[in-house]
Amino acid sequence: MPPKTVHVVSHGPTCLDGVTAAVAVARYYGDRAQVEARFASNSEIDAVLQAFRPVGDGEHELWITDISWREPATDAHLSALAAAGVRIYWIDHHRTALERVKAGRVHVPFTGTVLSEDFAASRLTYEYLAERLAGEGHTEPRFAAFAPVVAMADDNDRWLHRVPGSRELAWVVRALGPDAYEDLLALDERVTYTPRMAAARARVGAEIERSFAIANASRVEHFAAGVRVIAAVCDGHPSEIADAWGKETPGAVFALYDATSLALSLRRSPDCEVDLSKLAEALDGGGHAAAAGAELPDLRRILAEIIATRVAEHLP
């Protein structure tokens, strides 16, 4: 009998939550299936899902974790896959996704879903699979050993920061990019960093210091609707900058354009009640009430136009 193939499409590859969710699926199946993971940003997900075609005989599953899509064409393609026998699971915790479901704008015959804001997608995925394992009467030691990483991912993604090392692990995953998935697959229950992860951690400190310098130099403040809006450009690590600024700036929304990811990160100070998920949705992005983001592809062209104009003005 041909082996089962499990396809995972998750948010990433620089998102600790999305990568952890994908690794949880891989560790759950262990040697019982061939697992193929791929990652996408919010602006890429529709194209990635619409291009997905299972290849080969045998049973196929598709797990979509920590991310959602927007286009009706994606719903139609997923429905066609389900009709062809692909078992499709969707696990997400973003408010924008949950509101789309509540409004009846998602039409896919899923085999299983977990949609909740209670925890990050990594924890929702892990607990769903742990319950399945218990029901099957099966054990997967490598899956059980992954619980500490899941706790760190959930802690960091929900901005709790109560689990030691969670923020650092998020830094490392961002620094590793596409390599993070393979390294998290190899982690033990003590979360012992691989050599590649240790090297990434060593260079992250200098990167954060540089990004803070860029953000401080470009910081601009405006007031709108009774809220202080603080915008800046940074070179990676927007969450760390927003966290530090939020401790000293009450009632603020932070809009940080990251030159590394070419995306806008939205954060807020602890006392601010602006729903950033709705703000991000208006900018064709998504996220949570306290942390969200958007791609803003038109901004890249605006920056290029400004550069071209300035250079043209100073041609000899």
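I began at one residue pair: Trp90 stands opposite Thr113 in strand E5. A reminder to myself: this is a predicted model.

**Entry 1, the parallel sheet.** I wanted to know where that pair belongs. Strand E4, residues 87-92, pairs with E5 in the parallel sense, over four bridges. Stepping back, I found an open sheet of five strands in the order E2-E1-E3-E4-E5, with parallel pairing. Its edges are strand E2 (34-40) and strand E5 (112-115), each of which pairs on one side only. From one strand to the next the twist averages 15 degrees.

Helix H4 (residues 95-102) lies across E4 and E5, and runs at about 125 degrees to E4. Helix H5 (residues 121-136) lies across strand E3 (60-65), E4 and E5, at about 135 degrees to E4.

How many aromatic pairs does a search of the whole structure find? I noted eleven. I picked out Tyr126 and Phe143: their ring centres are 4.2 Å apart and their planes are at 15 degrees, under the 30-degree limit, so I list the pair as stacked. This pair links distant parts of the chain, since Tyr126 is in helix H5 and Phe143 is in helix H6 (residues 141-144), 17 residues apart.

Are these two buried or exposed? Tyr126 has a relative accessible area of 12% and is buried; Phe143, at 3%, counts as buried too. Ring pairs also join Tyr28 and Tyr29 with Tyr126 and Phe143 in a cluster.

I then checked for charges over rings. Arg32 lies over the face of Tyr28, 4.8 Å from the ring centre. The charged end of Arg123 sits over the ring of Phe119, at 3.5 Å from its centre.

Which residues of helix H8 (residues 166-176) are buried? My list reads Ser166, Leu169, Ala170, Val172, Val173 and Leu176. They cover an arc of only 160 degrees around the axis, so they are on the same side of H8.

After H8 comes Gly177, whose phi is positive, near 60 degrees.

Inside it, strand E8 (residues 252-258) and strand E9 (residues 263-268) run antiparallel and are joined by six bridges. Asp258 stands opposite Ala263 in E9.

Two helices went into my notes here.

I ended with a residue of helix H11 (residues 238-248), namely Ala242. Its relative accessible area is 3%, so Ala242 is buried. What is Ala242 in contact with, leaving aside its neighbours within four places in sequence? I found Phe254, Leu256 and Arg267. From Ala242 to Ser269 there are 27 residues in sequence, yet their C-alpha atoms are 7.7 Å apart in space.

Notes. Residues are numbered from 1 along each chain as its sequence is written. This is a predicted model: local features need pLDDT of at least 70, side-chain atom pairs count only at pLDDT 80 or more; totals for chains, interfaces and linings use all residues. Side-chain values use heavy atoms; hydrogens and water are left out. Two strands pair if DSSP finds at least two bridges between them. Axes are lines fitted to C-alpha atoms, for helices over the stretch in contact, and angles run from 0 to 180 degrees between N-to-C directions. Contact means heavy atoms within 4.5 Å. Rings of Phe, Tyr and Trp (its six-membered ring) pair if their centres lie within 6.5 Å; planes under 30 degrees apart count as stacked, over 60 as edge-to-face and the rest as tilted. Buried means under 20% relative accessible area, exposed over 50%, partly exposed in between (1.4 Å probe, protein chains only). A charge sits over a ring if NZ of Lys or CZ of Arg is within 6 Å of the ring centre and within 35 degrees of the ring normal. The arc is that of the directions from the helix axis to the C-beta atoms.
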